[in-house]
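A walk through the model, element by element, would be welcome.

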Amino acid sequence: MIEKVNQSSDKEPVIRLKDVNKWYGEFHVLKNINLEVEQGEKIVICGPSGSGKSTMIRCINHLEEHQRGDIVVAGTELKDDLKNIELVRREVGMCFQHFNLFPHLSVLENCTLAQMWVKKKSQQEAEALAMKYLERVRIAEQAHKFPGQLSGGQQQRVAIARSLCMEPQIMLFDEPTSALDPEMVREVLDVMVELAEDGMTMLCVTHEMGFAREVADRVIFMDAGEIIEQNAPEAFFSNPQFDRTQNFLQQII
Ligand code: ADP
Ligand code: MG
């Protein structure tokens, strides 16, 4: 069951994880995760492969269930029984490494489907909003193509526009540029930077440390299911506190 525990306000963190633990079978994948994210904050999450970054992100919109601790998103507490999961999902948009667009639908249809089914908008209304966000990610001229006719960078921008069409309070990104050819990374990061500048609350799993320096309020380093350290980008990069963080940064920078 999801309970409305409080109204979102400027003071209340828009995301709060308290002593969150998760297991896959015997495997303890998230260990006492504590994290508070203020409205408008931009967080970059990094760490070695397998450290639990995706799992943590996916718990926030309940693509994964946690077993212990509390997760509150936009004033709604995530509990085991999820009758009202849409309440949270409406507030949280997500972009994945592999875009996950519907291949048999046009770009425009990808952007209108959920608006019409979940938000019950008319086709006309949904298309107008879709075009607004497709313009925002500079891909409106491709609206009638199918995803397979676009480059990876273009597809990822469509995926971002599709999420924005639901007008979420929070955007989660899970390695949005790591499947892209290098020449397409910048066009996606540019869109993410603009979104950040517009004030979106963002959690981004990424190893694009230039992006982290440019937009993050905080960089979080995870290893083996734990948040090892977190700091403002400048301090994080210039003065990492733990050997594990230093080793990781040496490998990726
Ligand atoms: P990251 O995103 O940091 O690479 P993940 O959150 O994807 O890490 O995975 C953390 C650990 O959990 C890894 O060891 C991974 O193999 C394991 N894992 C992820 N998903 C599952 C699953 N559905 N079932 C069992 N183990 C999983
Ligand atoms: Mg991952």
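**Salt bridges, sheet and helices**

Counting a salt bridge wherever a side-chain nitrogen of Lys or Arg lies within 4 Å of a carboxyl oxygen of Asp or Glu, the total comes to eleven salt bridges. The model is a predicted one, and the values that follow are computed from it. One of these salt bridges joins the side chains of Arg-157 and Glu-187, with a distance of 3.0 Å from N to O. Because Arg-157 belongs to helix H5 and Glu-187 to helix H6 (residues 182-197), this pair ties together parts that are 30 residues apart in sequence. Side chains of opposite charge can pair when their charged atoms come close.

The two helices that carry this pair also pack on one another, H5 and H6 making an angle of about 20° with their axes 8 Å apart. Since angles under 35 degrees count as roughly parallel, H5 is therefore roughly parallel to H6, and the crossing of the two helices is right-handed. On the side of H5 the contact is made by Gly-152, Gly-153, Gln-154, Gln-156, Arg-157, Ile-160 and Leu-164, which meet Met-184, Glu-187, Val-188, Val-191, Met-192 and Leu-195 in H6. Sorted by class, the contact of H5 with H6 holds seven nonpolar, four polar and two charged residues; Arg-157 and Glu-187, the partners in the salt bridge, are among the residues that meet here.

From the helices we can turn to the sheet. Six strands form an open sheet with mixed pairing, and their order is E7-E8-E9-E4-E10-E11. Strand E7 (92-95) and strand E11 (226-231) stand at the edges with a single partner strand each, so that one side of each is left without a neighbour in the sheet. Neighbouring strands of this sheet are turned against each other by 20° on average, direction ignored. Helix H5 (residues 152-164) packs on the sheet, where it touches E7 and strand E8 (170-174), and the direction of H5 makes about 170° with that of E7.

Within the sheet, strand E4 (residues 42-46) and strand E9 (residues 201-205) pair in the parallel sense over four bridges, with Ile-43 standing opposite Leu-203 in E9. Strand E10 (residues 218-223) and E11, by contrast, pair in the antiparallel sense over five bridges, and the bridge partner of Val-219 is Asn-231 in E11. E10 and E11 form a hairpin with two residues between them, and in its turn Ala-224 has a positive phi of about 50°.

A further antiparallel pairing is found in strand E2 (residues 15-24) and strand E3 (residues 27-37), which are joined over seven bridges. In this pair, Trp-23 stands opposite His-28 in E3. The hairpin of E2 and E3 has two residues between the strands, and Gly-25 takes a positive phi near 60° there.

Returning to the helices, which residues in H3 and H5 meet? Helix H3 (residues 107-117) packs against H5 at an angle of about 25°, with the axes 8 Å apart, so H3 is roughly parallel to H5. H3 passes H5 in a right-handed crossing, and Val-107, Asn-110 and Cys-111 in H3 meet Val-158, Ala-161 and Arg-162 in H5. By class, the contact of H3 with H5 has four nonpolar residues, one polar and one charged.

H3 also packs with helix H4 (residues 123-136), here at an angle of about 125° and with the axes 9 Å apart, so that H3 is oblique to H4. The crossing in which H3 passes H4 is again right-handed. H3 contributes Val-107, Leu-108, Cys-111, Thr-112, Gln-115 and Met-116 to this contact, and H4 contributes Gln-123, Glu-125, Ala-126, Glu-127, Leu-129, Ala-130, Met-131 and Leu-134. The residues of the contact of H3 with H4 divide into nine nonpolar, three polar and two charged.

Conventions:
Residues are numbered from 1 along each chain as its sequence is written. Chains are lettered from A and ligands numbered from 1 in the order in which they are written. This is a predicted model: local features need pLDDT of at least 70, side-chain atom pairs count only at pLDDT 80 or more; totals for chains, interfaces and linings use all residues. Side-chain values use heavy atoms; hydrogens and water are left out. Two strands pair if DSSP finds at least two bridges between them. Axes are lines fitted to C-alpha atoms, for helices over the stretch in contact, and angles run from 0 to 180 degrees between N-to-C directions. Contact means heavy atoms within 4.5 Å. Angles under 35 degrees count as roughly parallel, over 145 as roughly antiparallel, 65 to 115 as roughly perpendicular and the rest as oblique. A crossing is left-handed if the near helix is turned anticlockwise from the far one by less than a right angle, and right-handed if clockwise. Ala, Val, Leu, Ile, Met, Phe, Trp, Tyr, Cys and Pro count as nonpolar, Asp, Glu, Lys and Arg as charged, and the others, Gly among them, as polar.
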